[in-house]
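Welcome to this tour! Open your viewer, keep the selection tool at hand, and follow the stops below in order.

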Amino acid sequence: MFYDFALEHAWLIPLLPAMAFVIIGMITRSYGKLSAAIAVCMSFISFLLSSGVTYALVNYGISVEQPFVQQLNWMHIGSVSISMGVLIDPLTAMMLMVVSTVSLLVQIYSVGYMKGDKGYGRFFAFLSLFAASMLGLVLAVNFLQMYVFWELVGLCSYLLIGFYYYKVSAREAAKKAFMTTRVGDFGLLLGILLLQINFGTLDFMELREIIPAYISMAGTGLMTVIALLVFVGPIGKSGQFPLHVWLPDAMEGPTPVSALIHAATMVVAGVYLVGRAFFMFTELPCVMNVIAWVGGFTAFFAASIAFTQTAIKRILAYSTISQLGYMMLALGVGSLTASFFHLMTHAFFKALLFLCAGAVMHAMADEANIFKMGGLRKKMPITFATMTIGVLAIAGIPPFAGFFSKDEILLAAAQVSTPLYVLATLTAFMTAFYMARLLFVTFCAEPANEESYEHAHEPSKFMLFPLIVLAALAVVSGLWGHLEGFGEWVRFGHPHEASIDMTIAVSSTILSFIAFGIAWNIYVAKRWSSDTIAEKTGILYKLSYNKFYIDEIYEALIKVFVDGVAKVFYWIDIYIVDGIVNGLAHLVGGISWILSKAQNGQAQHYSGVFICGVVILVAYSLYYLAVLGGAL
């Protein structure tokens, strides 16, 4: 049976797109259409295998408690044995389906979007490696294997964000993403090393049994440090405050890259890591509080910035940071189910929103400012319809996908912390407002540029097909997960029964409609002036528009602290280290000069020195005898 083959050969899922990367990179890169065909075909086969694995999981009753594991010893270093393999449980299967589906649709979209680009083949090679890296990360059986693919994901983000390497902004954005996430990766690496040192293993299944017993005996002190270090990795990779600054700049890459990074690959890797290591975090209430508040603050903070941004992809970027904060908040309050339910629905509607944004920019000659668009619903009705679905989904309007997953998070937060629930609810209201603002200004307001408006048109079929599929998933995935018992499969501990708290659901929906109404009155009906509101809010508007000056603060810290420390070390290097070395050299040189004067090769000089020495010795001997005679 195919699903048996898929389960036994799950290692092929990341291998196939990796093979596409090698084939395209080494052989077919100059042949754009062939490269695209290879990439799409390999991704399609990975999608089929992922579907087979999911079916096998259901058919064989593979669960969180009894996962399917295949592994083999990769190497031995002394007493340390390092294994590689695959770990398949409901969490893995869900992630495989999300990543393979979105990756496939993004690659199909890219066939049309990147047409005519000089780096066409190179682009599909990088996309294939990106998909392979994330799929390998999802299947990892231990922390070390996950870390290898974790770093590969970071490398791919660098390559794709800086794809237009001839642009200074793209190169700088790629370096910023790479260096910022390295900060988090360093913490993660320290945490992994401490796990290996203390427990002698990095295997997820073994650690799941060891850590709770260890904490009950030794307490939470050391494990708190380890868990916080491990969590630093997701802070960087998933764009949590204060390491979120790289993610908006990642918009310098082509739009399909933005969709892939923000929906299904890099940024959700951090959420997945916390979910995979949930057995460790749940034993540490202090760490769980940190995760919850970092997530809650990030969600609110990013939403407050998206409020005032004007670039269409940058609005969506801050929206992604905010939604990732939602996912971390859910994990922090103990609901793995709510977090990953939202991860799944978010992957579909966020990929849809980015690809719709790409279609709009493609039609508007790469114009990104939404206030230079307007009226596009008439020129691009399919894009408008799909974008509307994405906006309604992320705003949490029933029965779209975001309604079910967002309310699961609100309910989980309300059961644990009222302040976190209030923070999440305010974030939901803000999300509905800035997404309605984006939709209304871009598609419903009067055209701001008549020339660009006249040339606007629907994208090609290659670009429309993924939009329609993702729109369908943004409609049904939430309801499907709610009705089919998502929480019975993807969970930690006891099965989670799907439920809707009517108070939370109704209140959040009303707030979303109010936000839509406010946005309509400001940007379409023009009953209220956005300029007047900006003037009245004063410093708040300025802070939001300038992203709270976080980038400027980092630049100042680098200039004052890093450069200051560098100057101190420079002085130490020049005047102490070099001073000691140069001083020794001068000392040796001085002694050599003195000795060179004594050893000049002249016999009469040597005779004179000899006679002087004899005279000195005779004089000293006479003095000594005189002293000795006087003593006697």
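Before you select anything, one term: helices (H or I, at least four residues) and strands (E, at least two) are DSSP runs, numbered from the N terminus. What you have open is a predicted model, in which local features need pLDDT of at least 70 and side-chain atom pairs count only at pLDDT 80 or more, while totals for chains, interfaces and linings use all residues. Residues are numbered from 1 along each chain as its sequence is written, and side-chain values use heavy atoms, with hydrogens and water left out.

**Stop 1: a loop residue**

Select Ser335. You will find Ser335 in the loop between helix H15 (312–332) and H16. Is Ser335 buried or exposed? Ser335 is buried, at a relative accessible area of 11%; buried means under 20% relative accessible area, exposed over 50%, and partly exposed in between (1.4 Å probe, protein chains only). Now show its contacts, where contact means heavy atoms within 4.5 Å. Not counting residues up to four places away in sequence, Ser335 touches Ala330 and Ala412.

**Stop 2: the cores**

Next, look for nonpolar cores: sets of buried Ala, Val, Leu, Ile, Met, Phe, Trp, Tyr and Cys residues joined through side-chain atoms within 4.5 Å. The largest nonpolar core has 192 residues, and Met95, Leu195, Met280, Phe281 and Phe340 are the ones that touch the most other members. Helix H16 (residues 336–363) gives the most to this core: 19 residues. A second, separate core has 16 residues, among them Ala330, Ala338, Ile409 and Ala428.

Zoom in on Phe340. Leaving aside neighbours within four places in sequence, Phe340 is in contact with Leu91, Met94, Met95, Val271, Tyr272, Gly275, Leu331, Phe486 and Val490.

**Stop 3**

Select residues 12–28, which form helix H2. Which residues of H2 are buried? They are Leu12, Ile13, Pro14, Leu16, Pro17, Ala20, Ile24 and Thr28. These buried residues pack against helix H1 (2–8), helix H3 (32–60), helix H4 (90–113) and helix H5 (120–139).

Move on to Ala36, in helix H3. Ala36 is buried, with a relative accessible area of 5%, and, not counting residues up to four places away in sequence, touches Val111, Tyr120 and Phe124. Try the distance tool here: the C-alpha atoms of Ala36 and Val416 are 48 Å apart, and the two residues are separated by 380 residues along the chain.

**Stop 4: two helices side by side**

Colour H4 and helix H11 (residues 255–263). Their axes come within 9 Å and cross at roughly 170°; axes are lines fitted to C-alpha atoms, for helices over the stretch in contact, and angles run from 0 to 180 degrees between N-to-C directions. H4 and H11 are therefore roughly antiparallel to each other (angles under 35 degrees count as roughly parallel, over 145 as roughly antiparallel, 65 to 115 as roughly perpendicular and the rest as oblique). On the H4 side, the contact is made by Val102, Ser103, Val106, Tyr109, Ser110 and Tyr113, and on the H11 side by Thr255, Pro256, Ala259, Leu260 and Ala263.

**Stop 5: aromatic pairs**

Show the rings of Phe, Tyr and Trp (its six-membered ring): they pair if their centres lie within 6.5 Å, and planes under 30 degrees apart count as stacked, over 60 as edge-to-face and the rest as tilted. The whole structure holds 28 aromatic pairs. In one of them, Phe123 and Phe124 are edge-to-face, 5.9 Å centre to centre with 90° between the planes. Both Phe123 and Phe124 are buried.

Compare Phe297 and Phe301: their ring centres are 5.5 Å apart and their planes lie at 20°, so this pair is stacked. Phe297 is partly exposed, at 37% relative accessible area, whereas Phe301 is buried, at 8%.

**Stop 6**

Most residues other than glycine have a negative phi, and most peptide bonds are trans. Select Phe241 and Pro242: the peptide bond from Phe241 to Pro242 is cis, with omega near 10°. Another cis bond runs from Pro398 to Pro399, with omega near 5°.

Finish at Phe548, in the loop between helix H26 (539–545) and helix H27 (550–598). Phe548 has a positive phi, near 60°, and Tyr549 has a positive phi of about 55°.
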